[in-house]
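Student: I would like to go through some side chains in this protein. Please take the contacts and charges in turn.

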Amino acid sequence: MPKSKELISSDTDSSEDEQPKSKKSKKEKSKAPAKVKPKASSADVDEEEHTFPLAKMRFVKVNSFKGKVFVNIREYYEADGEMKPGRKGIALNVEQWNKLKTYVDDIDEAIEDVS
């Protein structure tokens with residue numbers, strides 16, 4: 001067996017057999033059609049009911065994703081006249097949210113100590 005990547009011709013005259021197969025790059029492999037999220041209809045739960053403003057473009061939202069409830073603390077940005085969630089933020093599941101709530105008094109004390 002040859003160790004180099006030489007072309008070995010076979011008995012057939014097919015051009016596919018004579019040319020080495022090229023590997024697809026990562027970008028070519030990941031070119032799947034983008035899934036478009038359906039826009040919320042009036043029958044869906046109004047997300048505005050579960051939105052709490054923290055600052056101009058920062059909000060806390062309580063929502064459900066894949067059947068699990070999350071508390072989402074996130075910065076938003078405006079694009080095409082719509083508010084869209086940015087990358088800066090965190091989504092806490094209910095267990096993490098409850099644990100964070102137990103630390104509120106300790107965090108308040110730490111803020112006083114640092115100030």
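Tutor: The side chains of Asn-72 and Arg-74 are joined by a polar contact of 2.9 Å. A polar contact is a pair of N or O atoms within 3.5 Å; within protein, one must be able to donate a hydrogen and the other to accept it, and residues adjacent in sequence count only if both atoms are side-chain atoms. The model is predicted, so local features need pLDDT of at least 70 and side-chain atom pairs pLDDT 80 or more, while totals for chains, interfaces and linings use all residues. Residues are numbered from 1 along each chain as its sequence is written, and side-chain values use heavy atoms, without hydrogens and water.

Student: Is Asn-72 buried or exposed?

Tutor: Buried means under 20% relative accessible area, exposed over 50%, and partly exposed in between (1.4 Å probe, protein chains only). Asn-72 has 14% relative accessibility, so Asn-72 counts as buried.

Student: Which residue forms a salt bridge with Glu-75?

Tutor: Side chains of opposite charge can pair when their charged atoms come close. A salt bridge is a side-chain nitrogen of Lys or Arg within 4 Å of a carboxyl oxygen of Asp or Glu. Here the closest N and O atoms are 2.8 Å apart, and the partner of Glu-75 is Arg-58.

Student: How many residues apart in sequence are the parts that this pair ties together?

Tutor: Glu-75 belongs to strand β3 (residues 68-79) and Arg-58 to strand β2 (residues 58-65). Strands are DSSP runs of E with at least two residues, numbered from the N terminus. The pair therefore ties together parts whose separation in sequence, in residues, is 17.

Note on methods
Helix = DSSP H or I, 4+ residues; strand = E, 2+ residues; numbered from the N terminus.
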